Amino acid sequence: MASKTPDTEPEKLALPSLNPLPLSASQEAQVRDVYYKRVRRLCADEIKAFAECAVGRSFTVAWACKEQHRAMNSCMASHATRAEHDAARQEWFSMRQERQRKREAKAKVAAAQEEFMREWWGLPEEVRLSKKREMEDRGERIGGMPAANRPRIDEKTR
């Protein structure tokens, strides 16, 4: 019977992503945009060379710019890795504070405008407070929670 020594640890399975937290579809689209921007930035020289070759051409681009096109595609394929996607996701999460500040600034402007409109037109106080509560309830939702008004599967079949 083999005894387990304390210095040997069982192998840990690698996670497919450093950020396994589920995001909504729009948030994943934002992560993809950051990812594509990062890949394009890494291959900017190849993209520029292909674009310069393609200027003023139509369907002849396929033959005339074949080398530049292959160089551009191979560069993008070599940089379009899971690690780069994870880095883009990390960058998206790091920009979260900035997005929160922008939302707060936008909410302040909206509240000031609403206050002005309420005073100008004499709207009831309850209308102003309900809008304020609605703005406070909004925020960046992370975790993939379903929407409150989304029909459930059992409701669709009825």
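**Entry 1: a glutamate in helix 6**

I began with glutamate 98, which is partly exposed, with a relative accessible area of 37%. I keep in mind throughout that this is a predicted model. I then looked up what the side chain of glutamate 98 meets, and I found lysine 102, with which it forms a salt bridge at 3.5 Å, N to O. Both residues lie in helix 6, four residues apart, which is about one turn of the helix. Lysine 102 counts as exposed, because its relative accessibility is 55% and the cut-off for exposed is over 50%.

**Entry 2: a pair within helix 5**

I then looked at arginine 38 and glutamate 91, whose side chains meet in a salt bridge of 2.7 Å, N to O. Arginine 38 lies in helix 1, which covers residues 25–42, and glutamate 91 lies in helix 5, so this pair ties together parts that are 53 residues apart in sequence. Arginine 38 has a relative accessibility of 17% and therefore counts as buried, since buried means under 20%. Glutamate 91, with a relative accessible area of 24%, is partly exposed. I also noted that a network of salt bridges links Arg38, Glu84 and Glu91. A search of the whole structure finds five salt bridges, and as a reminder to myself I wrote that side chains of opposite charge can pair when their charged atoms come close.

**Entry 3: where helix 5 meets helix 6**

For this entry I needed two quantities, because two packed helices are described by the angle between their axes and the distance between the axes. Helix 5 spans residues 82–94 and helix 6 spans residues 96–121; their axes come within 4 Å and cross at roughly 35 degrees. Which residues of helix 5 meet helix 6? I found Trp92, Phe93 and Ser94 on the helix 5 side, in contact with Arg96, Gln97 and Arg99 on the helix 6 side. Sorted by class, this contact holds two nonpolar, two polar and two charged residues.

**Entry 4: a nonpolar patch on the surface**

I looked for nonpolar side chains on the surface and found a patch formed by Phe116, Met117, Trp120 and Trp121, which together have about 540 Å² of accessible area. One of them, tryptophan 120, lies in helix 6, and this residue is exposed, with a relative accessible area of 60%.

**Entry 5: the protein as a whole**

Finally I stepped back to the overall counts. The secondary structure comes to eight helices and zero strands, and along the sequence the pattern reads α-α-α-α-α-α-α-α. The protein has 158 residues, of which 17% count as buried. It exposes about 13000 Å², and carbon and sulfur atoms supply 57% of that area. Among contacts between residues at least 6 apart in sequence, I noted that 73% join residues at least 24 apart.

Terms used. Residues are numbered from 1 along each chain as its sequence is written. This is a predicted model: local features need pLDDT of at least 70, side-chain atom pairs count only at pLDDT 80 or more; totals for chains, interfaces and linings use all residues. Side-chain values use heavy atoms; hydrogens and water are left out. Axes are lines fitted to C-alpha atoms, for helices over the stretch in contact, and angles run from 0 to 180 degrees between N-to-C directions. Helices (H or I, at least four residues) and strands (E, at least two) are DSSP runs, numbered from the N terminus. Contact means heavy atoms within 4.5 Å. Ala, Val, Leu, Ile, Met, Phe, Trp, Tyr, Cys and Pro count as nonpolar, Asp, Glu, Lys and Arg as charged, and the others, Gly among them, as polar. Patches are made of residues with over 30% relative accessible area and no salt bridge: like charges are joined within 9 Å, nonpolar side chains (Val, Leu, Ile, Met, Phe, Trp, Tyr) within 5 Å. Accessible areas come from the Shrake-Rupley method with a 1.4 Å probe; for residues, only the protein chains shown count as cover. A salt bridge is a side-chain nitrogen of Lys or Arg within 4 Å of a carboxyl oxygen of Asp or Glu. Buried means under 20% relative accessible area, exposed over 50%, partly exposed in between (1.4 Å probe, protein chains only).
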